[in-house]
Amino acid sequence: MDIFCKNEEKVADLYYVYADLFVTHSDLWSMISAQEREHSRLFRGLSLIDEEDASSFKINRHSMGILNYISRFIDDQLSIARSGKIDAACALETALRLEQSMIEKKCFEMFEPRSEEIYEAFRRVNHETGQHRDRFQKELKKLIAKK
Ligand SMILES: [Fe+2]
């Protein structure tokens, strides 16, 4: 659960830096950053559920590799964002790529939890990640149309 929790936390940090950098999309970045923070809290809460449920995760090495790869991608993007060497379109592209790959790689559908609560949490995060992807896609199209 730790890696899920940390990844959402780092995505929240990344969007928070974007909110600071890009005034025109500041509200959007702040809003989505808050949602990622909420996902992180949700996952952290789940790790308190009993051990038997924890054993139902069965995350294999392949899945772990994907989660670690995404984690490193977020780290890299965070250092780029903190250096300020990024424009608004690039930030949207990065976020779009991130949310898209979480859906494509089935990050939140990697296992079948026995607990209803865990199942529901992952279903919700997966759904909202899809919404984020759609929103970034829409904003990026708008931005490109303006150019
Ligand atoms: Fe997201």
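Of the contacts in the protein between residues at least 6 apart in sequence, 82% join residues at least 24 apart, a contact being two residues whose C-beta atoms, placed from the backbone, lie within 7 Å. The model is predicted: local features need pLDDT of at least 70, side-chain atom pairs count only at pLDDT 80 or more, and totals for chains, interfaces and linings use all residues. Residues are numbered from 1 along each chain as its sequence is written.

The protein has six helices and zero strands, where helices (H or I, at least four residues) and strands (E, at least two) are DSSP runs numbered from the N terminus. The radius of gyration is 16 Å, close to the 15 Å that the globule rule gives for 147 residues, so the protein is as compact as a globular protein of that length. That radius is taken over C-alpha atoms, and the rule is 2.2 Å times the number of residues to the power 0.38. Along its principal axes the C-alpha trace spans about 55 × 25 × 25 Å.

Of the 147 residues, 24% count as buried. A residue is buried if 20 or more other C-beta atoms lie within 10 Å of its own, exposed if 12 or fewer, and partly exposed in between, with C-beta atoms placed from the backbone.

In helix α1, the buried residues are Phe4, Asn7, Glu8, Val11, Leu14, Tyr15, Tyr18 and Ala19. Seen down the axis of α1, they fall within an arc of 145°, so they line one face of the helix; the arc is that of the directions from the helix axis to the C-beta atoms. These buried residues pack against α2 (26-46), α4 and α5.

Helix α5 (residues 88-104) has 17 residues, which at 1.5 Å a residue should span 24 Å, and its end C-alpha atoms are 24 Å apart, which agrees. The expected span is 1.5 Å times one less than the number of residues. Buried in α5 are Ala91, Leu92, Thr94, Ala95, Leu98, Glu99 and Met102. They fall within an arc of 160° seen down the axis of α5, so they too line one face of the helix. Their cover includes α1 (2-21), α4 (61-83) and α6 (116-146). Just after α5, lysine 106 takes a positive phi of about 55°.

The axes of α4 and α5 come within 11 Å and cross at roughly 170°. Axes are lines fitted to C-alpha atoms, for helices over the stretch in contact, and angles run from 0 to 180 degrees between N-to-C directions. The two helices are therefore roughly antiparallel, the term for angles over 145 degrees. Ile70, Phe73, Ile74 and Gln77 in α4 meet Thr94, Leu98, Ser101 and Met102 in α5.

Note on methods:
Parallel < 35°, antiparallel > 145°, perpendicular 65-115°, else oblique.
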